[in-house]
Each structure stands twice: as C-alpha cells, then as structure tokens.
Amino acid sequence: MDSRNTPSSGQPGDLAALAPSAATSPKTAMPEQTKSPGYAMRSWRRFRRNRLSLVCMVIFIVMVLFSYGAPLISKYVTKQGFGDQNLQATFAPAGKTISAVQIGGPNSGKTVTTKYLLGSDELGRDVLTRLAYGGRISLTVSFLTLAIALTIGLLIGAVSGFYGGWVDAILMRLVDTFISIPGLFVLILVSTTINNNKLITGTTFYRNNGWLILPFVIAVLSWTGISRLIRGEFLAIKERDYVDAARVLGSSDARIIVRHILPNVIPIIIVWATLAIPSLILTEAALSYLSFGVQIPTPSWGNMLTNSTQYFSRSPGLVVLPGLMIYITVMAVNLMGNGLRDALDPRLND
Amino acid sequence: MGTYLIKRVLQIFPLLFGITILVFLLINAVPGSPVSDLALNPGTRPEDVARIKQQLGLDQPLYKRYFTWVGNLLHGDLGKSMVTYRDVRSEIMGRLPNTLKLTTAAFLLALLFSVPIGIYSALKRNSIFDYVATVVSVAGVSIPSFWLALILILVFAVNLRWLPSGGTQNLGDGGLVDQLRHLILPAFALAIVELAGWTRYIRGQMLEVIRQDYIRTARSKGIAERVVIFRHAFRNALLPLLTLFGLSIPQFFSGALIIETIFSWPGIGRLTFDAAISRDYTMIMGTVLLSSIMVVLGNLFADIGYGLLDPRIKQS
C-alpha cells in the first residue's frame, strides 16, 4: 500500500548481487582479514550511523523486556498479579501507598500495604502490573499475527510471482478484493462470526486462551501487502541468469524458490515485517478497545482503555497510560523500521 | 482515454462480484448460525428455532443463500435486519450522509494541512520548519487515532468544556455553527493519521520532482520560482498523490468505524459496531458491502482523475 516501501520498482540487481555474499562470507571470510565485510555487517554499520533509529531500537527492546518481564515485575516490583483486586484501593493516584484489611483470600483479616507505582484502576488493580501483562498480550498477538500473515503472504506471493499465468491472475484478484474491504469492518465481521460460534467458544481452549484466536483473525487481512511485494520481487528475480542456470542443472521449482530466490527477498521481508508491526499493534489495540479483540479479564493495552473512558474525570491516568504505551512502541518501531529500510536497501540512500 | 475509461469501469464488476462472495463466505461459511444462540434458552421450543431459521432463510444450503442474497442485492434489496426486522438498506441510507460528512471533513482537513506543509518542507529542506514538520508527522503517523480521540475528549470536552464530546448536534439546535462544533473533534481525530502520512509523502514527492531536469530547465529559463513550484513541480507531484488518496479511502472508513463509535456519531461505522454487538449478520453484511463499494468507487474516481491529468494515459 505504501509505495515508498516497494523497492520492486527499481532494479533488483544490486540487491540480488549483494545478498549471496551474506551467505558465502561466513565460510570464506574467517581466515583472511582482507575480505570485505558481509551484507549483514555492512547493513548493521549503515543502520548504526542513524542515531535516531538506534535509540528507537533500544526503546523497543526496553518495551519488549518490560512486557515479557511481566511475571518478574509482578513478583518483585509491584507484588501484585494482573487480576488482584482491592476494592478498598480503587482509583489510587500514582505512587500512593494504601494499607487495607483484607477481606477474603489467603490474607483474610490481615492488613496488607501496597504501593501503587502508577496508581490503580476502578477495581483497585495495580496499573503498572496490568500494563506489563497487557503489553505481553498485545506484543504476542502482533508477533503471532506477523508470523501467520508472513506465511500466507509468502506462499501466495511466491506461487503467484513464480508461476504467473492464471494462478497469478486469480490470486492477485483475490488480493484486490481483500484490499477493497475496509480492514476494521472485516475484522469485526470475522471476530463476530468466531466469537459467536458455539463450536469454537464452547471449547475449554477458547475459554482459557481465547485471545489466541485473535492473531488468526487479524492475519486474515494483513497478508495482502507482503504477498504483492513478494510477487513483484519473484517476477523480477525469476528472469535472472542464475535462476536459469539452476534450472539447467536440474533443480526443482521448490529448490529454486527456497534456495535461489528466497534469500534475495529476505531484506524486503525484514523491512516489511518491521514496518508491519506498528499497524498490527494498532489494529489489535483498536479491536480490543472496541471489545472485539482480547476479552477481559485478560488485559491488553487496547482493552485497558475500554473501561477507562467511564472514569475520565476521576482518573485520567487510566486513559493516558495504556495509550501512551501503544504510542511509544508504535513510534519506536516505525522509526526503527525506517532506519532498517535505509540500511538494508542501499539503492535508497545514494 | 475512452478505451482506458471503459476498461477501468469494466474492471470493477468482477471485483464487486468477488467482494460479495468474500463478505458472504466470511460470515456464513463458519458452521453454526446466529439462531443457535436461541437454543440456549430452555424456554425455546425446537420448532420455534426451526421456524425462525426458516423465516431468516437459514435452513437453505449455503450456495442457495448466496444466490438469494446476491439476487436481492441486484434489486437493491439488502434484506431485513436479523434483530430489528427493519429494512437494512433504508437503515444504511439514513446513516450514510453522516459518515460522508465526517469522512469528507476529515479528508479536506488532511488535504488542507498536508499539501502546504509538505511542499514548504520540501522547499526549505533541512530548515527548522522541515525538522519540526518531519517530527510532527512521524508522531502523527504513529498515534493510535482512537486514543487521540479519547485524549481530545478529555482535554476539550471534559476539562476545557469548549467542544461537545459526541453526537452530531445539540437537541433543539442543529444550526450550522452547532453542527460544525460537533464535527471538529471527530474530524480531526479521523484526519490526523492520513494528514501526517500525506505530509511526508508530498514532501518526498516534491523533493524527487524538484531534482528533475525539466525543473532545472524551467528555472534556467528565468521563470519565477512560484510558477516553477506550482505549475511545473506540484502538478507532477500531484499525480501519485491521487492514487494515494484513493488508497486512503479504506483507512478513512476503518477509522470512521472507531471514531464514530467513540463520538456517538450516527453513521455507518457506529451502525456496524452496534450490529456486531447485537449479532445482526444481515446488517453487518450490508454495511461492509456498502463501505467496500465506496472504496471501489473511490479508487475508480482516483484512477479516472489520474487519466484526465496525465496526458501519457490519455494517449494510450
């Protein structure tokens, strides 16, 4: 969709010529010092020069560590689970320490003191803990969606570009059709079908891990962009001499696709994948916000915003914080992706 | 131009056909039906479920239902709501003007800001203005629009009390000023992402065009810089923009769904949301189909505009 991300319009020669050196250099480069650095190394050097992208990569890594470190944060920092409620400590402001006699639960009758570093929500749950767990769900959903969309997009794009003809025509019309339907409408449509289907919702798996359905739902329409990109690259690369050479040597189609064409497409896949993460995070958040995504009580950055709107004036932090997490992550990945694109595709930065 | 136009118009028919299949399959191919919920109620007799199924046509095989649906579509009949039993088409047509009002306002807003800012940053490359515009547009592209909507409500409606937090007009008012006041926040929230994206794109396009030989030729002929920029450069930078505008239409509709929900804006998006909550399958199918048709038509117009503006296409 974004024509700036489509390096297919240029000559793929430079990239194709560069990529094989990445595959061969580890074997040959080690003994001799004079050998020029490989493709990955040169890309990394180019990337490193872009300070902003580097900073954004660090921010993204911090976000990932924060999210996947949720159990540690819960255990050692906040000492609260993401579902622990305390109705005597609702809407605590950030940094407030509240002591309350527990009613029920394992600590019933004892006075428990809790420090709410980022405050608490309408049920007295610790916001910091929930942000970490919410991030874990949001990021996991995005990564899984990416993996699924990449698989579908890669398969369809590769087949379409490699074989051409009526297969290509049909698959690309399919892509056109998917692109014509506004994304969120499809997502709501599919989400409604799945979440109302007794055959799916009745299973224990759904009751425990219902959010795992979500990546499949979002992936249903996220594969179109990459499949078009891959198709364009395959169309160009399959005409190259070394592909002919491989065919003359008797390589099967599958071998040509996997061993000879695919390695040349990897930089494009990496850039696309990085720049796709922000939109996937936003999609998950929007869907969960509308209550068609991750279902409560499982926290996600999106569904933490859903209820918070009712408490606008009482506790604006509940609205600001989850959104800010989404915003920072999305912006960091976007800028990181831009740097990555410049670094991996030397044609763009002359 | 004539053949190009006819070809392009003919292309949309298989596309629309594909959309009907896709929309129908996405919602109906999964086993189970909206009626299966009824069976959960112990008071519902099986014959009642069967009767309602028959009324809604759900007892027919899948392909028959599809052809009935499409057949009715060709007559302009989108069916009846499964929840309210009201006519889907008249419901949608009642809401459509509101969505068009909101999306048009957002579109104009995005256009009004992105074009001058984009051109100016390209001309003053690496100036302070350029840096600020770049930072702001990167920030704008990444912002979750629904969160921005919430923040806008928090600031301008809850705290400052300058603007209303939702709806299209005050009860008993409805004058132009009142309607515009209701339009500002949702239109801005809907516009921001496209606004920022377009600004970056226009800047990039202008930078590219300015480097071309014919711009140097125009300058060397001694033509005023203003004329070079608007007559020579911008006209050429505008072409790919038209395609971009076409591609933005689905984003505007998707955005409208969530923005309308937040601002209680009675449009197609809000209708879809409510229909999804109440599991009104025919209604969702209707709204999804309608918004897809709008997208297809929007792209068609963008391409026709492209053809009209680009003499290279006119000739072929």
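## Close-up views of a predicted two-chain model

**View 1. A:Leu187 and the residues it touches.** In this predicted model, A:Leu187 is in contact with A:Val217, A:Ile218, A:Leu287 and A:Phe292, once residues up to four places away in sequence are set aside. A:Leu187 also belongs to the group that touches the most other members of the largest nonpolar core, which is where the next view picks up.

**View 2. The largest nonpolar core.** This core holds 150 residues. Which of them touch the most other members? From chain A they are A:Val186, A:Leu187 and A:Ala286, and from chain B they are B:Ala149, B:Ala189, B:Leu190 and B:Ile192. Helix α12(A) provides the largest share of the core, with 17 residues. As background, nonpolar side chains in soluble globular proteins tend to be buried together.

**View 3. Where chain A meets chain B.** Zoom in on the contact and you will find 43 residues from chain A and 43 residues from chain B. On the side of chain A that touches chain B, at least two residues come from each of α6 (165–180), α7 (183–195), α8 (198–201), α12 (253–289) and α14 (316–344). Which helix gives the most to this side? That is α7(A), with ten residues. Sorted by class, the side of chain A that touches chain B is made up of 27 nonpolar, twelve polar and four charged residues.

View 4. Is A:Ser142 buried or exposed? A:Ser142 counts as buried because 26 other C-beta atoms lie within 10 Å, and the cut-off for a buried residue is 20 or more. Apart from neighbours within four places in sequence, A:Ser142 is in contact with A:Ile277, A:Leu280, A:Ile281 and A:Glu284.

**View 5. Chain B on its own.** Stepping back to follow chain B, you can count twelve helices and zero strands. The C-alpha trace of chain B spans about 85 × 55 × 35 Å along its principal axes. Of the 316 residues in chain B, 36% count as buried. For the contacts in chain B with a separation of 6 or more, 71% are between residues 24 or more positions apart.

How values were computed
Residues numbered from 1 in each chain as written. Chains lettered and ligands numbered in written order. Predicted model: local features only at pLDDT ≥ 70, side-chain atom pairs only at ≥ 80, totals over all residues. Contact = placed C-beta atoms within 7 Å. Helix = DSSP H or I, 4+ residues; strand = E, 2+ residues; numbered from the N terminus. Nonpolar A, V, L, I, M, F, W, Y, C, P; charged D, E, K, R; others polar. Core = buried A, V, L, I, M, F, W, Y, C linked by C-beta atoms within 7 Å. Buried ≥ 20, exposed ≤ 12 C-beta atoms within 10 Å, placed from the backbone.
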